[in-house]
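Please examine the sequence and the three-dimensional structure shown here before reading the report.

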Amino acid sequence: MEHEGPRLPTPRGPLSRSVDAYLRGAGRLPRLEEAARAEVYGDDLQLALYLCYELHYRGFAEVPPEREWDPGLLRTRAAMEQRFLSALRSDAHVHQSVDEALAGLLVEPVEGTGVTHFLRAEGELWQVREYAAQRSLYHLKEADPHAWVLPRLWGRAKAGMAAVEFDEWGGGRAERVHAALFADLMTDLGLDTTYGRYLDAASAEALVTVNMMSLFGLHRALRGALVGHFATVEITSSPGSRRLAEAMRRTGAGPAAEHFYDEHVEADAVHEQVVRHDVIGGLLEQEPQLGPDVAFGIDATEFVEERFGARLLTDWRASRSSLCAPLAREAAHIS
């Protein structure tokens, strides 16, 4: 019997192939040492980890819901998580102080060189579509990974986090849920809005950004890192969204595409203050020992986003696709 959810993607190596087969009931789980051999930020390990995490969201059509808490699968996931987390702590942890980690986020460079600057200044419509397709892995479940932290907070931190999440979910109005607004953006761009549709197309670097959210969200011990991640997203979102809104207008992406980023310019400017003063402030008031974890979450978010941006810009400046699979041209106005 099949269940609701997206289809399983094509494996990208022995690790993801074994996890895929096990989820289908057609093979054994990989040996734990296989996780130690796989490239930590590479396609194979990151896709295998994504498959495990997705069972806690909508699952897959071919996978029975009971697999979510399969003990053997959880042991496999834990081995991959340990590898991933250790690499992030080694590669990304720069600051011990939250104030120091936040300071860099609060200053906009005069001449930015990131993806949003590129798309605003010179990006083409095909690059906008690629960006949206890869970001859809998160934006079609926007705010969901962060919801796991709510039961792990209390007082001012919990109230502030709940207030921001309520806005992300449309303030109680289904048509204003940010995931729905992103689906409208995708429609403007001639993209398929089916949940999980572009998992096969997404780069390893895109998978890393989403997997990190799930890693932080699913572990109570990483609640400080999750708050740091969320703060980074909210603080950097408003100026980045302003540039992306301009990119949508310049490339003729469509009114819904423009609206999605215009909405984030306004909403996230407010969210930034709530997250900094109430969520981070409230958390550290109650649990000051989590300061280094919050700083780690900030640093790790910057690290994985810079890797994703570098992948996009390297490919685009070489006039090649950043995707692992081509996009279908699903709308008449996309040429």
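## Basis of the report

This is a predicted model, in which local features need pLDDT of at least 70, side-chain atom pairs count only at pLDDT 80 or more, and totals for chains, interfaces and linings use all residues. Residues are numbered from 1 along each chain as its sequence is written, and side-chain values use heavy atoms, with hydrogens and water left out.

## Helix 4

Helix 4 spans residues 71–92 and has 22 residues; helices here are DSSP runs (H or I, at least four residues), numbered from the N terminus. From first C-alpha to last, helix 4 reaches 30 Å, close to the 32 Å expected at 1.5 Å a residue, where the expected span is 1.5 Å times one less than the number of residues.

The buried residues of helix 4 include Leu73, Arg77, Met80, Phe84 and Leu88 (buried means under 20% relative accessible area and exposed over 50%, with partly exposed in between, for a 1.4 Å probe and protein chains only). An α-helix has 3.6 residues a turn, so residues three or four places apart point the same way. Among the elements that cover the buried residues of helix 4 are helix 1, helix 3 and helix 14.

## Cavities

The structure holds 2 cavities of 30 Å³ or more. A cavity is a set of points on a 1 Å grid over the protein atoms alone where a 1.4 Å probe fits but cannot get out, and its lining residues have an atom within 4 Å of a point. The largest cavity contains about 40 Å³ of space, and its lining includes Pro6, Tyr50, Phe60 and Tyr195.

The second largest cavity has a volume of about 30 Å³. Its lining consists of Cys52, Leu55, His56, Glu68, Leu73, Leu74 and Arg77, and helix 4 gives the most to that lining, with 3 residues.

## Positive phi angles

Ala143 has a phi near 80°, a positive value in a residue other than glycine. Ala143 lies in the loop between helix 7 and helix 8, and is buried, with a relative accessible area of 1%.

Ser319 also has a positive phi, near 60°. Ser319 is placed in the segment after helix 14 and counts as exposed, at 64% relative accessibility.

Methods:
Helices (H or I, at least four residues) and strands (E, at least two) are DSSP runs, numbered from the N terminus. Contact means heavy atoms within 4.5 Å. On a 1 Å grid over the protein atoms alone, a cavity is a set of points where a 1.4 Å probe fits but cannot get out, and a pocket is an open set with protein on both sides within 12 Å along at least five of seven lines; lining residues have an atom within 4 Å of a point. Grid points are joined across faces, edges and corners, and a volume is the space filled by probe spheres set on the points.
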